[in-house]
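Please read these notes with the model open beside you, and check each point against it as you go.

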Amino acid sequence: VKDGIISDKQAEKMIADSSARSKEEKSNKMILTMSIIGSVFLGLGLILFLASNWDFLGSVTKILILAIITFGTFFLGYSFRFGKTHLPRVGSALIFLSTLFIGASIFLIAQIYNIQADSHYLMLLWLVAVLPVAYLFNSAPTAVLSAVIVYIWMFLFTTGSSSIWGALWSSSSTNGDIVPYLPYIYIILGSAIFAIGGFHYYFKKFSGLARYLRLSGLPVVVFF
């Protein structure tokens, strides 16, 4: 306006258009946020319904429901992160949520078919399933989840227990001779994860994961 490039009326119109566009974007984000919250409550309602009727559902029906929830959450997160809506944080959160559903699905399917597999094998399968997600989407929460899965897997593997609670409440374990060395094992494991996290700094694409992997290893080393 001062330089005479545009008139006062043009400046006022540009400000008004910018304000209207900003309000429209806020409104769209509010609608999307409310939709997501509604979807979450709908999902919780579905989970509660399934929990109350789980024993009455057929095996195929159970697997279909688990697949729909898991892949549906993943693709919804993918569309939010990379689609036209461009809500990367919401999309990343939903993608991470889908990795939790993957773990739940693995254990529930094993329960459905009475698969006689030790829990540490199932944890390892969960790790194999979610670890690529951490790197494909540069997902820090999934990287931390992967580290947690490794810690749980190591505990179940070394104690020979079928569950964490079983090992904690039981006075004996299959690999009783190894249990006293658990602190040393976790110090080595935590140090390894810390070192792996530092190694990620050499790759610009995965440098965002480095800090979180190091933070996943350091507390374990300090604790033990």
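**Notes on the helices and aromatic rings**

1. One aromatic cluster is formed by Phe 74, Phe 75, Tyr 78, Phe 82 and Phe 137. Rings of Phe, Tyr and Trp (its six-membered ring) are taken to pair if their centres lie within 6.5 Å, with planes under 30 degrees apart called stacked, over 60 edge-to-face and the rest tilted.

2. Please keep in mind that this is a predicted model, in which local features need pLDDT of at least 70 and side-chain atom pairs count only at pLDDT 80 or more, while totals for chains, interfaces and linings use all residues. Residues are numbered from 1 along each chain as its sequence is written, and side-chain values use heavy atoms, with hydrogens and water left out.

3. The protein has eight helices and zero strands, where helices (H or I, at least four residues) and strands (E, at least two) are DSSP runs numbered from the N terminus. Of its 224 residues, 30% count as buried, a word that means under 20% relative accessible area, whereas exposed means over 50% and partly exposed lies in between (1.4 Å probe, protein chains only).

4. Helix α2, residues 59-82, has 24 residues and reaches 34 Å from its first C-alpha to its last, close to the 34 Å expected at 1.5 Å a residue; the expected span is 1.5 Å times one less than the number of residues. Among the buried residues of α2 are Thr 70, Thr 73 and Phe 74. These three residues are touched by Ser 98 (residues up to four places away in sequence are not counted), where contact means heavy atoms within 4.5 Å. Ser 98 is found in helix α3, residues 88-112, and is buried, with a relative accessible area of 2%.

5. The structure holds ten aromatic pairs. One of them joins Tyr 78 and Phe 137 edge-to-face, at 6.1 Å centre to centre and 80° between the planes. Because Tyr 78 lies in helix α2 and Phe 137 in the loop between α4 (119-136) and α5, this pair ties together parts that are 59 residues apart in sequence. Tyr 78 counts as partly exposed at 40% relative accessibility, whereas Phe 137 is buried, with a relative accessible area of 10%.

6. Tyr 135 and Phe 206 also form an edge-to-face pair, with 5.1 Å centre to centre and 85° between the planes. This pair links distant parts of the chain, 71 residues apart, with Tyr 135 in helix α4 and Phe 206 in the loop between α7 and α8.
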